[in-house]
Amino acid sequence: IAVGDPLEAARKYVPILRQQATIVIVLSNLGKEMDQRLAREVPGITAIIDGHDREFLQPPLVAGQVVIAQAGFNGEGLGLLKLDIDSSGSITAFVGEIRYLRNEIPDDPAMRSLIGPPVLPAGY
């Protein structure tokens with residue numbers, strides 16, 4: 001496995017992806033500062049979903065034409081990002097929302113059966 005520069009990789013692959021898709025959504029763990037740089041320096045990205053900073057970005061950030069969303073960490077929240085996209089793949093409107101997950105929200109039985117019982121770290 002080789003880990004390279006994320007901006008270099010994005011500059012290489014985003015144009016290829018845009019030939020095959022109307023939108024490109026980047027799943028990132030770079031942090032919001034690098035996400036903003038990525039959005040400014042690599043054309044063709046529609047949105048970035050990040051988790052590195054462990055923040056609730058409410059509302060999402062906007063860098064140029066790119067929406068950057070983040071919904072906390074460790075299952076604290078469920079991020080919902082609704083994008084209105086025109087035929088060229090540009091965002092014309094967006095709404096970002098975080099639904100905070102708390103103990104009073106029960107597990108979905110079908111999902112729980114797929115993933116098994118919760119496993120808590122030692123000392124939790």
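Predicted model: local features only at pLDDT ≥ 70, side-chain atom pairs only at ≥ 80, totals over all residues.
1. Residues are numbered from 1 along each chain as its sequence is written, and side-chain values use heavy atoms, with hydrogens and water left out.

2. Salt bridges come to four, counting a side-chain nitrogen of Lys or Arg within 4 Å of a carboxyl oxygen of Asp or Glu. One of them joins Arg11 and Glu41, with the closest N and O atoms 2.8 Å apart. Arg11 sits in helix H1 and Glu41 in helix H2 (residues 32-41), so this pair ties together parts that are 30 residues apart in sequence. Helices (H or I, at least four residues) and strands (E, at least two) are DSSP runs, numbered from the N terminus.

3. Glu41 also pairs with Arg37, the closest N and O atoms being 2.9 Å apart. Arg37 and Glu41 are both in H2, four residues apart, about one turn of the helix.

4. Lys32 forms a salt bridge with Glu55, with the closest N and O atoms 3.0 Å apart. Lys32 is in helix H2 and Glu55 in the loop between E2 and E3, so the pair ties together parts 23 residues apart in sequence.

5. Have a look at Asp53, in the loop between E2 and strand E3 (61-63). Asp53 touches Gly31, Lys32 and Gln70, not counting residues up to four places away in sequence; contact here means heavy atoms within 4.5 Å. Asp53 and Phe73 are 20 residues apart in sequence but 8.5 Å apart in space, C-alpha to C-alpha.

6. The second largest pocket holds about 180 Å³ of space. H1 gives the most to its lining, with six residues, and strand E1 (25-28) is another element supplying at least two. Pocket means an open set of points on a 1 Å grid over the protein atoms alone, where a 1.4 Å probe fits, with protein on both sides within 12 Å along at least five of seven lines; lining residues have an atom within 4 Å of a point.

7. Finally, Ile23, Ile25, Leu27, Ile49 and Ile85 make a nonpolar surface patch of about 410 Å². Patch members have over 30% relative accessible area and no salt bridge, with nonpolar side chains (Val, Leu, Ile, Met, Phe, Trp, Tyr) joined within 5 Å and like charges within 9 Å. Ile49 lies in strand E2 (residues 47-50).

Notes. Areas by Shrake-Rupley, 256 points an atom, 1.4 Å probe, with all protein chains shown as cover. Points joined across faces, edges and corners; volume = space filled by probe spheres on them.
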